[in-house]
Amino acid sequence: MSRKPELRGRAARLARLLPAGGGHAARTPFVLLVVLLLGGGLIGLLVLNSALSEGSFRLDDLQRDTKSLTDEEQALQRDVDTYSAPDALQRRAHELGMVPGGDPAFLNPDGSVKGVPGTAAQQSSARNPVVRPPEVLALTQTKAPAPATSAPAAAVPSAAAPRTPTPRAPAPTPSAQPSSTPGR
């Protein structure tokens, strides 16, 4: 009944290039392509969601570790501040048998001495009794006690009398001396 109009000229040439019954395209490949794209998208979302959840748990663990390490650092800093307080240092020095240095004596360039030279134990023995730690007491009991000599006041040179310096052995370098601080 209804008939297709007959094509002429250029339209007829183009119509010959196309197949005659090409109005129906195959739907199966298109449907498979859409299903595969949707399935791949859902699987991709699932993998992305799992990776984000795992990263969130890892971040939570790291934040908890950071908090505990910060608390530990603060506790250690409090300990350092406590041990480095002047009264704590003085108490620990007395426990180790250390005494205050007393008044210093200075050597002038011309060889004269300004001040009264002496050891720290001699200068501070009148002020503070020497408290020795148990390790030192055990060592002194095994050795023969050396006689204690104190310099008389007349033997101490005065500041006005010139004094020739006596040669001394070079002082050991700080790296050669053993550390007096335990645990460091």
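# A guided tour of the chain

Read from the N terminus on, the elements of the chain follow the order α-α-α-β-β-α-α. This amounts to five helices and two strands, where helices (H or I, at least four residues) and strands (E, at least two) are DSSP runs numbered from the N terminus. The model is a predicted one, in which local features need pLDDT of at least 70 and side-chain atom pairs count only at pLDDT 80 or more, while totals for chains, interfaces and linings use all residues. Residues are numbered from 1 along each chain as its sequence is written, and side-chain values use heavy atoms, with hydrogens and water left out.

## The whole chain

Begin by displaying the surface of the chain. Its accessible area comes to about 16800 Å², of which 63% belongs to carbon and sulfur atoms; such areas come from the Shrake-Rupley method with a 1.4 Å probe, and for residues only the protein chains shown count as cover. Of the 184 residues, 4% count as buried. Here buried means under 20% relative accessible area, exposed means over 50%, and partly exposed lies in between (1.4 Å probe, protein chains only). Among contacts in the chain with a separation of 6 or more, 54% are accounted for by residues 24 or more positions apart, a contact being heavy atoms within 4.5 Å.

## A nonpolar patch

Next, select F30, V31, V34, V35 and L38. Together these residues form a nonpolar patch on the surface, with about 480 Å² of accessible area. Patches are made of residues with over 30% relative accessible area and no salt bridge; like charges are joined within 9 Å, and nonpolar side chains (Val, Leu, Ile, Met, Phe, Trp, Tyr) within 5 Å. F30 belongs to helix 2, which spans residues 28-83. F30 is exposed, because its relative accessible area is 57%.

D61 and R64 both lie in helix 2, three residues apart, about one turn of the helix. D61 is partly exposed at 33% relative accessibility, and R64 is also partly exposed, at 48%.

Move on to K67 and D71, which form a salt bridge with their closest N and O atoms 3.3 Å apart. Both residues lie in helix 2, four residues apart, about one turn of the helix. K67 is exposed, with a relative accessible area of 54%, whereas D71 is partly exposed at 39%.

Now select R92 and E95. A salt bridge joins them, the closest N and O atoms being 3.3 Å apart. Because they are three residues apart in helix 3 (residues 86-95), about one helical turn separates them. E95 is partly exposed, with a relative accessible area of 40%, and R92 is partly exposed at 37%.

## The loop between the strands

Finally, select S112, in the loop between strand 1 (106-107) and strand 2 (113-114). Is S112 buried or exposed? S112 is buried, because its relative accessible area is 8%.

Conventions: A salt bridge is a side-chain nitrogen of Lys or Arg within 4 Å of a carboxyl oxygen of Asp or Glu.
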